[in-house]
Amino acid sequence: MVAMTGVSAVERVTDELKELLLYRRVAWRIVPLAIICFVFSYFDRINISFAKAQMQADLGLGDAAYGLAGSMFFVGYVLFEVPSSIGLKKYGAPRWISRIMVSLGIATAALVFAYNQYTLYFLRFLIGVMEAGFGPAILFYLACWFPRKYLARINGLWFLAVPLAGALGSPLAGLILGNLQGVMGLAGWQWLFLLTGLPCVILGFCVLWKLDRDIQSAKWLSAEEKSILEGNLDSDRRNADSTHGSLWRVLLTKEVAVFALIYFVIKLASYGLNFWMPHLIEQSGITNLTLVGIVSALPYAVACIGMLVVTNLSDRSGDRKSYLLGCMLAAAVGYGLACFFSDNSLALILALLLATAGTFIAIPVFWTIPQSTFSGLAIASGTAAVNSVGQLSGMVAPVMVGYINDLTGVSYMGMLSIAPLLLLACVVILRYVRNPQRVD
């Protein structure tokens, strides 16, 4: 009996190691390209924050016009987010992601032709339309390969792109704006849009070449490996709530309303940082554009490290709710401290580290909950609905922060208004969010 028990234990450990190595290979196949695509797509929605000063001078834009231009992206994004899920279901994730990347890159590069506020509004709206559905398409694709027990880690790797876009894009934007002004007759802000838009077109074709439609079409997997992957997904489906199987049952559930509210606040906090962090840093006394870009990158870099650590801990414990709550509380405290120390560069940067880490780490932890709540193609519809409401914050954050700043005459008051909303989201999490059933 002892010998048999020993053999069983060895076999179990061997099978677990084989499965772990298999998922690591799948992750290396899918996740790096997904991250790179998201880095460029995310930076293309926030690059206008770095172009702000030059663009305002060249196009004659006021702060209100800039805020509206920042928001127009999200108008197009939200209007076409759920309809985009129809194309995802019809053409499959790789083809649809490829289409999004190519059209997004062309639309972003076309910003070089903006010559007044109205053309800028239209092109920003068009960029939003082209990018609509990208996030849910990737989340759906990941959920078609990875079971629940790996989702937080995989989501964390993919959502690294959000802080990476800031960490890598901030200094890059500073260099472009500071060194390419007037080159070949183009302004620095025009070079910024061109050089961050065209790579998306190339990435779109890379997606078609690299990503398989599904597990069965992956020629680089053996029959046994495909069986392991699909077996784990089938196990998740058997434990899922089948009442969430249809589109309308998903869209009209309390879960969608709760998730959407929480994600709206998370994204409101993230876009508040995206669009106004460079402004806060400048107001604290750092005025050199290149240095502002470098300093802006620091909080994002810390968030990248935090994502890897926290999502791994969340996967090991299976506790999504506590980690999500902790991140939201950290973000609220960081926001408050950043506003309180707005005239002290060092203290401001430390507070922004906390606010940025809490906000961006919350994103991948949050998404494991709806991914585990919905099942089948409802994952695409449910995440699209939640994401659509969340992206409304991109319409609200630039305008709300700017309006409150103008109304009060205090440069940080708009940012401070986000902290109570983060605390409200914490109350909602405590009251209405449950940990998904753990699957070992």
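**Close-up views of a predicted model**

The structure holds 3 salt bridges. Keep in mind as you browse these views that the model is a predicted one.

**View 1. K18 and E224 meet in a salt bridge.** Here the side chains of K18 and E224 come together, with an N to O distance of 3.3 Å. K18 belongs to helix α1 and E224 to helix α10 (residues 223–238), so this pair ties together parts that are 206 residues apart in sequence. How accessible are the two partners? K18 is partly exposed, with a relative accessible area of 40%, and E224 is also counted as partly exposed, at 48%.

**View 2. R25 forms a salt bridge with E225.** In this pair the closest N and O atoms are 2.5 Å apart. R25 sits in helix α1 and E225 in helix α10, so to speak a link between distant parts of the chain, 200 residues apart. R25 counts as partly exposed, its relative accessibility being 34%.

**View 3. E131 forms a salt bridge with R45.** The closest N and O atoms of this pair lie 2.4 Å apart. E131 is found in helix α5 (residues 117–131) and R45 in helix α1, and the pair links these distant parts of the chain across 86 residues. Are these two residues buried or exposed? Both E131 and R45 are buried.

**View 4. The largest cavity is lined by 16 residues.** The structure holds 1 cavity of 30 Å³ or more, and the volume of the largest cavity is about 100 Å³. Which lining residues lie nearest its centre? They are F38, G135, Y263, N387 and Q391. Two or more lining residues come from each of α1 (2–46), α6 (134–143), α7 (148–159), α12 (254–283), α15 (345–373) and α16 (378–408). By residue type, the lining of the largest cavity divides into 11 nonpolar, 3 polar and 2 charged.

View 5. For readers who like a reminder, a disulfide is a covalent bond between the sulfur atoms of two cysteines.

**View 6. M184 has a positive phi.** Phi of M184 is near 55 degrees, a positive value in a residue other than glycine. As background, most residues other than glycine have a negative phi. At 73% relative accessibility, M184 counts as exposed.

View 7. T368 is located in helix α15. With a relative accessibility of 0%, T368 counts as buried.

Note on methods: Residues numbered from 1 in each chain as written. Predicted model: local features only at pLDDT ≥ 70, side-chain atom pairs only at ≥ 80, totals over all residues. Heavy atoms only, no water. 1 Å grid on protein atoms, 1.4 Å probe; cavity = no way out; pocket = protein on both sides within 12 Å on 5 of 7 lines; lining within 4 Å. Points joined across faces, edges and corners; volume = space filled by probe spheres on them. Helix = DSSP H or I, 4+ residues; strand = E, 2+ residues; numbered from the N terminus. Nonpolar A, V, L, I, M, F, W, Y, C, P; charged D, E, K, R; others polar. Salt bridge = Lys/Arg side-chain N within 4 Å of Asp/Glu carboxyl O. Buried < 20%, exposed > 50% of the residue type's maximum accessible area, 1.4 Å probe, protein only.
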